[in-house]
Amino acid sequence: MTTIALLGAGKIGEALLSGLLQGGRRPEDLLFTERHPERSAELTKRYGVASADVPDAAARADVLFVAVKPQDIEPLLDELAPVVAPDTLVVSLCAGLPTKLFERRLAEGVPVVRVMPNTPMVVGEAMSAISPGRHAEAAHLALVEELLSSVGKVVRVPESQQDAVTALSGSGPAYFFYLVEAMIDAGILLGIPRAVAGQLIIQSAVGAATMLAETGEHPVTLREAVTSPAGTTIMAIRELEKHGVRAALLAAIEAARDRSEELGRAHEVD
Ligand SMILES: NC(=O)C1=CN([C@@H]2O[C@H](COP(=O)(O)OP(=O)(O)OC[C@H]3O[C@@H](n4cnc5c(N)ncnc54)[C@H](O)[C@@H]3O)[C@@H](O)[C@H]2O)C=CC1
Ligand SMILES: O=C(O)[C@@H]1CCC=N1
């Protein structure tokens, strides 16, 4: 059985740990490293998975998932460099960091796969985009695809698109949460109790997302079906257009893409 170690068990690391267990991986085939001892103890208690230090994880695991913040990567790379064997697969979940960074710092030939997942991983509905580094072969990509399929959907993209993917689906759930939050506020404005407004908006979001996923219809077609001539919806759409919501989304996602590129440039390699 493949042994998998998660390096950094925060929000994404824990979501992956939990998803891999739900997908049938045994606790004894999983390990994690975590710099906060109380966090380690909590996770071991919750999932029955042992913690390890970085050299131990590198010695025992076939696959290392790197799930620390991009800003915390350098000390981890210092620890990993002397202990990662060339046949260990390194999978980075870090926003912005190019596979070249890992290839430059780790032993020659170490296969690296870059992944951009998202937090719906906690409910098995992640969208993960994967890209191979220079030494990653078809079998490595297939293994990463299989592992991430236990926590959601997976697509393959060229690494040159990963900063854009980070802005779209990596950060994407935050934009939907923001929209839901604003719509619940609108319910409060209109005098609906918060709990009822929440129920109305969340079920509308679930229904709309399910229609998008299951009907295969274009979002424009689905929106037009809600928008009756001289009805209520068109009055709201006019306000959204007047306030530049579409342009704001384009600019917001472009800014997120730029930040992902900037996070990578902080560790610039040729
Ligand atoms: N939160 C999100 O929605 C997404 C995050 N990501 C990426 O996933 C990575 C993790 O993000 P989060 O889980 O949100 O961050 P987080 O801050 O919740 O988790 C990072 C964890 O790594 C631990 N850590 C840091 N340095 C360590 C070291 N040297 N050894 C062991 N543990 C160490 C920290 O104690 C923390 O628990 C980031 O690189 C982020 O860009 C990717 C997609 C979505
Ligand atoms: O905000 C961030 O930097 C991370 C990466 C994508 C989603 N969250």
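Visitor: Which residues of α8 meet α9?

Guide: This is a predicted model. Take the α9 side to begin with: Arg194, Ala197, Gly198, Leu200, Ile201, Ile202 and Ala205. Their partners in α8 are Phe176, Val180, Met183, Ile184, Gly187 and Ile188.

Visitor: How many residues of the contact of α8 with α9 are nonpolar, polar and charged?

Guide: Arg194 is in the contact, and Arg counts as charged. Gly187 and Gly198 take part too, and Gly counts as polar. The division is 10 nonpolar, 2 polar and 1 charged.

Visitor: At what angle do α8 and α9 pack, and is the crossing left-handed or right-handed?

Guide: α8 covers residues 172–189 and α9 covers residues 194–215. Their axes are 9 Å apart, and the angle is about 140°. That angle makes α8 oblique to α9. The crossing is right-handed.

Visitor: How far apart are the axes of α7 and α12?

Guide: Helix α7 spans residues 162–170, and helix α12 spans residues 245–265. They pack at an angle of about 130°, which makes α7 oblique to α12. The crossing of α7 and α12 is right-handed. Their axes are 8 Å apart.

Visitor: How many charged residues are in the contact of α7 with α12?

Guide: From α7 come Asp163, Ala164, Thr166, Ala167 and Leu168. From α12 come Ile253, Ala256, Arg257, Ser260 and Glu261. The contact has 5 nonpolar and 2 polar residues. The charged ones number 3.

Visitor: What is the strand order in the open sheet?

Guide: The sheet has 8 strands, with mixed pairing. Its edge strands, each pairing on one side only, are β3 (50–51) and β8 (152–156). The order is β3-β2-β1-β4-β5-β6-β7-β8.

Visitor: Which helix packs on the sheet and touches β5, β6, β7 and β8?

Guide: The helix in question covers residues 138–149. Its direction makes about 170° with that of β7 (126–132). The helix is α6.

Visitor: What is the bridge partner of isoleucine 4 in β4?

Guide: Strand β1 covers residues 4–7, and β4 covers residues 63–66. The two run parallel, joined by 4 bridges. The partner of isoleucine 4 is valine 63.

Visitor: Which helix gives the largest share of the shell around ligand 1?

Guide: 27 residues surround ligand 1, and the closest are Gly8, Gly10, Ile12, Cys94 and Ala95. By class the shell divides into 13 nonpolar, 8 polar and 6 charged. Both α1 (11–22) and α4 (73–80) supply at least two residues. The largest share, 3 residues, comes from α1.

Visitor: How many charged residues does the shell around ligand 2 have?

Guide: The residues around ligand 2 are Ala95, Thr166, Gly170 and Ser171. Ala counts as nonpolar, and Gly as polar. The shell has 1 nonpolar and 3 polar residues. As for charged residues, there are none: the shell has no charged residues.

Terms used: Residues numbered from 1 in each chain as written. Chains lettered and ligands numbered in written order. Predicted model: local features only at pLDDT ≥ 70, side-chain atom pairs only at ≥ 80, totals over all residues. Pairing = 2+ DSSP bridges. Contact = placed C-beta atoms within 7 Å. Axes fitted to C-alpha atoms, helices over the stretch in contact; angles between N-to-C directions. Parallel < 35°, antiparallel > 145°, perpendicular 65-115°, else oblique. Left-handed = near helix turned anticlockwise from the far one by under 90°. Near = placed C-beta within 6 Å.
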